[in-house]
There are 2 protein chains.
Amino acid sequence: MNDDLQKELGTVRSEIDAIDADLLDLLNRRAKCAQKVGEIKGRYGDAGHIYRPEREAQVLRRIQETNPGPLSNESVTWFFREVMSACLSLEQPLGIAFLGPLGTFSEQAAVKHFGHAARLLPQSSIDDVFRDVEAGHADYAVVPVENSTEGAVGRTLDMLLGTSLKICGEVVLRIHQHLLCKETDLATVTKVVSHAQSLAQCHEWLNRNLPGVPRISVGSNAQAAQLAASEPGTAAIAGEAAADRYQLPKLAANIEDEPNNTTRFLVLGRHDAGPSGRDKTSLIVSTPNRSGALADLLSPFSDAGVSMSRLESRPARHALWEYVFYVDVEGHRDDPGVASALRQLEARAGYLKLLGSYPAAVY
Amino acid sequence: MNDDLQKELGTVRSEIDAIDADLLDLLNRRAKCAQKVGEIKGRYGDAGHIYRPEREAQVLRRIQETNPGPLSNESVTWFFREVMSACLSLEQPLGIAFLGPLGTFSEQAAVKHFGHAARLLPQSSIDDVFRDVEAGHADYAVVPVENSTEGAVGRTLDMLLGTSLKICGEVVLRIHQHLLCKETDLATVTKVVSHAQSLAQCHEWLNRNLPGVPRISVGSNAQAAQLAASEPGTAAIAGEAAADRYQLPKLAANIEDEPNNTTRFLVLGRHDAGPSGRDKTSLIVSTPNRSGALADLLSPFSDAGVSMSRLESRPARHALWEYVFYVDVEGHRDDPGVASALRQLEARAGYLKLLGSYPAAVY
């Protein structure tokens, strides 16, 4: 029977070996093509733009549409993400600034978007993330901009106002929060620690299940998990990665108040992206008048049939305007409808800053 | 000219798209084959052994031997490492225990051997790494066993004596140490922090370049880098990963005393590995006599033409033997020469423990 087993396994393994030989050949042919792209661009004096967000988005979307399985769409998308990352780094390894430390959702977002071959450059504040790219130390920045339950990340919005960087991509990350603790009973939890935003995302759950237990905000969820791992009675709210890394059992899983809790990150660089077929355009706009004039101001978009996917108002930090509005619309700034709406908006608005056009998140 | 550029790029991109379609098809066919392997093994009642170290080593060696470039051998090996990791995790995601925290060489070794799809389970001590696998919480352990300049990791050797786990693999990691510091001049460095072993690996360099500056050992190189990032005048000795992660400039690079500084890690599980064609066998042996009897004791290996790649002696911790010897030989315990030498050794030695046979490190 062992012989039969070996024979059957041998057949499948020969098949795997043949597949591997083809895979190896294809990977290298792909890398050669990527080199050829770099060579052609160099010849036409376009060498600075080897990384093309719109092209990568198109490749990944096609992979998802044509994936027959059994590998999951997530798995193959990740895989091609990594293939492109490796091919790109043959010529130009990218440095990515993000809000550290490691083990945070921002790191996950950076790797999800740029792959393993990118150099991760964790920073200690959102301001530093912007500065690192503006100063040319890093090529791209990844910053959180909004959470589906908690709303906008104020510091990012403020930095967008003054930066010379352009938005060239977005990453949407599904966030699950867990109560991590060495205790086995909620009754013995004496303290809950987490990042302020995570505490806010689980506010209702905490009110219902741990009323009266002090909530203490710390610098990051990773740091919270570290505390929970060392202090008896301390529970952390943090994600899967932190649970794994600090070997903390989940006293309660998926405790976020909104079941579809996601965080959206922006990718910023020195250029925005070309059209990919499914794009967004972000801008900041303001009028000297009160917000009542806003509907009127934005009517060129609805007139042109352009959908607005997000509108965020924020008190202005200088005296000239009372409010600034952060607007995301669907479509690329080169699309005829978006382009004509932008021209009209420019004529009407007291202040308009185009933050960039970029592919909608792929996965 | 822009049209010509677009036309040339279009041609290459169509080629890339065709390659990607083939890659996607092959990856899924490979995953189906891996499922078939699991199904066959299940049918023959051999379901527990889906991870086969010897088979993975063979696949990766063949990839290296046949890689035509331009992708580096390291890059394609990593890639196939990841493909196998993804295929395996379709059926059985592996949990890997190692000495944390993150950002250490042990994490690098675990990922180098098991790929991205494995679950990383950092532990706070070498003892905990062993215990976590013995208790079945993790599937495999990755522990450092020797450094090319500093020698054996005593705690690992001691744990090998008592464990029921088997060695099923090894990982060799090239280690470069850098002096990381926010200062721009050696003269302003007031303190050097690092893991004790890293301080030892740079002993000569420190004597020459920072005589009289206090050296303080901390729990890990990652922790040292964190200190250097926050305290003026403090320099850390740590690797590339820590420099990147804490954004610390290298005040001096590659300061290790031995230019070929490598650390070797062992992979331990509940079974050792089958023959892969290039294997090692590790064992512990002892005699009641003094070490003078050692050459005699080990002669069966030389008689059988089996090379010894390592011999480490260590004072025994119980009274029965004065020394125990850690021996690595080339070849698998099923190879005729090794098998016959082991039989003779067993007859002569006061104590013999076979730690396992496993593929020699692939990359």
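The model is predicted, so local features need pLDDT of at least 70 and side-chain atom pairs count only at pLDDT 80 or more, while totals for chains, interfaces and linings use all residues. Residues are numbered from 1 along each chain as its sequence is written, chains are lettered from A and ligands numbered from 1 in the order in which they are written, and side-chain values use heavy atoms, with hydrogens and water left out.

**View 1. Chain A as a whole.** Let's start with chain A, which has twelve helices and 15 strands; helices (H or I, at least four residues) and strands (E, at least two) are DSSP runs, numbered from the N terminus. The C-alpha trace of chain A spans about 85 × 65 × 35 Å along its principal axes. Of its 363 residues, 54% count as buried; buried means under 20% relative accessible area, exposed over 50%, and partly exposed in between, with a 1.4 Å probe and protein chains only.

**View 2. Where chain A meets chain B.** Here 63 residues from chain A and 63 residues from chain B take part in the contact, where contact means heavy atoms within 4.5 Å. Together the two chains bury about 6300 Å², with 69% of it on carbon and sulfur atoms; this buried area is the accessible area (1.4 Å probe) that two parts lose on being put together, summed over both. On the chain A side, A:Leu24, A:Tyr44 and A:Phe79 lose the most area to chain B, together 11% of what that side buries.

**View 3. Helix H3 of chain A against helix H3 of chain B.** The axes of these two helices, each covering residues 73-89 of its chain, come within 12 Å and cross at roughly 175 degrees. Axes are lines fitted to C-alpha atoms, for helices over the stretch in contact, and angles run from 0 to 180 degrees between N-to-C directions. The crossing makes H3(A) roughly antiparallel to H3(B), a label for angles over 145 degrees. Among the residues making the contact are A:Trp78 and A:Phe79 of H3(A), and B:Trp78 and B:Phe79 of H3(B).

**View 4. Two cis peptide bonds.** Most peptide bonds are trans. In chain A, however, a cis bond joins A:Gly69 and A:Pro70, with omega about 10 degrees. A:Pro70 sits in the loop between helix H2 (53-66) and H3. In chain B, the bond from B:Gly69 to B:Pro70 is cis too, with omega near 10 degrees, and B:Pro70 lies in the loop between helix H2 (53-66) and H3 of that chain.

**View 5. B:Ser357 and its neighbours.** Look for B:Ser357 in strand S15 (residues 351-359) of chain B. B:Ser357 counts as buried, at 0% relative accessibility. Its side chain joins that of B:Thr281 through a polar contact of 2.7 Å; such a contact is a pair of N or O atoms within 3.5 Å, and within protein one must be able to donate a hydrogen and the other to accept it, while residues adjacent in sequence count only if both atoms are side-chain atoms. Not counting residues up to four places away in sequence, B:Ser357 touches residues including B:Cys168, B:Asp272 and B:His332.

View 6. Most residues other than glycine have a negative phi. A:Gln247 has a positive phi of about 55 degrees and is partly exposed, with a relative accessible area of 31%. B:Asn254 has a positive phi of about 50 degrees and counts as partly exposed at 43%.

Terms used: Angles under 35 degrees count as roughly parallel, over 145 as roughly antiparallel, 65 to 115 as roughly perpendicular and the rest as oblique.
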